[in-house]
Amino acid sequence: MREWQGAASRVSVQAVVLSYAILLTCFPPTVLAQASLPFSETFDYATGNLVGQGSGLSVWTRTGAQTAAPIQISAGSLSYAGLPAPVGGKVMLANGSNYEDAGLDLESQTTGTVYASFIVNVINPGTTTGDAFFHFSSAGTGATDYHALVYAKRGSTASKVQLGIRNAATDTTQYAPGEYDVGVPILLVVGYTFGPGANDDVASLWINPAVGTQNPPAPTVQAGTNSELSSVGRLCLRQGQSSTSLNLQLDEIRVSRFWSDVTLPVALTSWVLE
Ligand SMILES: [Ca+2]
Ligand SMILES: [Ca+2]
């Protein structure tokens, strides 16, 4: 009896090892990888396609199946007063039919708040319809549960942009009333806060917040939701509809469970434990 159990146990271990090998073959480590938090991305890569760039547990992958106009890395960084000196290049997001979207899986979070900060330089605010260019979802290249979608739209003139946030794709965008100059780098911080109940999670957007503070100031604008994320497991960059013509540059992404990490005047990379 014991011998049978031992054999069964060995078979079981072999089956698990074999299953894992098959899993790795079907889903290479770049798909399984999840960037640990806090995470920072300066786009210190050669110019060209974003997808496939990265290293270790942090590799950019295509979101969904659209392959036209792959998201490009261009030379030179965006900078913002008070933030660490920028590094490497930046990404260019343009809108068009079936244009590629990309993302990067994160260590999944199910409680508290997940913050992402980044610098945006709007080239063309597009139309007054507005469109999303950044969001969270659960992990995986096929995830479609987009939440905390950051929107931009044309302001009162073509040289002004308004920014807003929509918590779920089926919600309504809440725009901040202020207008911002096209061509001037803007610091954005996005937060997704899990609430304990049903449909009580909140998405928040801070526009040009003070940097270097321990705790978040009041958000510039917030949005409730009629559906929730089971986990924040991926950050996504989106190239939207051709009809909205949005075109912008984005750089220096930082993601953490703590506000101070994403607005610190020092680089997160200097926090490596030694
Ligand atoms: Ca950069
Ligand atoms: Ca909830």
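**Folds, pairs and loops**

Visitor: Does Phe43 count as buried or exposed?
Guide: Phe43 has 24 C-beta neighbours inside 10 Å. The cut-offs are 20 or more other C-beta atoms within 10 Å for buried, 12 or fewer for exposed, and in between for partly exposed, with C-beta atoms placed from the backbone. Phe43 therefore counts as buried.

Visitor: What kind of model is this?
Guide: Residues are numbered from 1 along each chain as its sequence is written; chains are lettered from A and ligands numbered from 1 in the order in which they are written.

Visitor: Which loop holds Phe43?
Guide: Phe43 is not a glycine, but its phi is positive, about 60°. Most residues other than glycine have a negative phi. Strands are DSSP runs of E, at least two residues, and helices are runs of H or I, at least four, numbered from the N terminus. Phe43 sits in the loop between strand 1 and strand 2 (48-49).

Visitor: How does Ala69 count by its C-beta neighbours?
Guide: Ala69 also has a positive phi, about 45°, without being a glycine. Its loop runs between strand 5 (61-63) and strand 6. With 16 C-beta neighbours inside 10 Å, Ala69 counts as partly exposed.

Visitor: Which residue does a cis peptide bond join to Leu37?
Guide: Most peptide bonds are trans. Here omega is about 0°.

Visitor: Which residue in strand 19 does Val91 stand opposite?
Guide: Strands pair if DSSP finds at least two bridges between them. Strand 7 and strand 19 (residues 247-256) pair in the antiparallel sense over four bridges. Val91 is also the bridge partner of Ile73. In strand 19, Val91 faces Leu250.

Visitor: How many contacts beyond four places in sequence does the model have for residues 1-13?
Guide: A contact needs C-beta atoms, placed from the backbone, within 7 Å. Over residues 1-13, pLDDT stays under 50. Where pLDDT is low, the predicted coordinates should not be read in detail.

Conventions. Predicted model: local features only at pLDDT ≥ 70, side-chain atom pairs only at ≥ 80, totals over all residues. pLDDT = per-residue confidence, 0-100. Contact = placed C-beta atoms within 7 Å.
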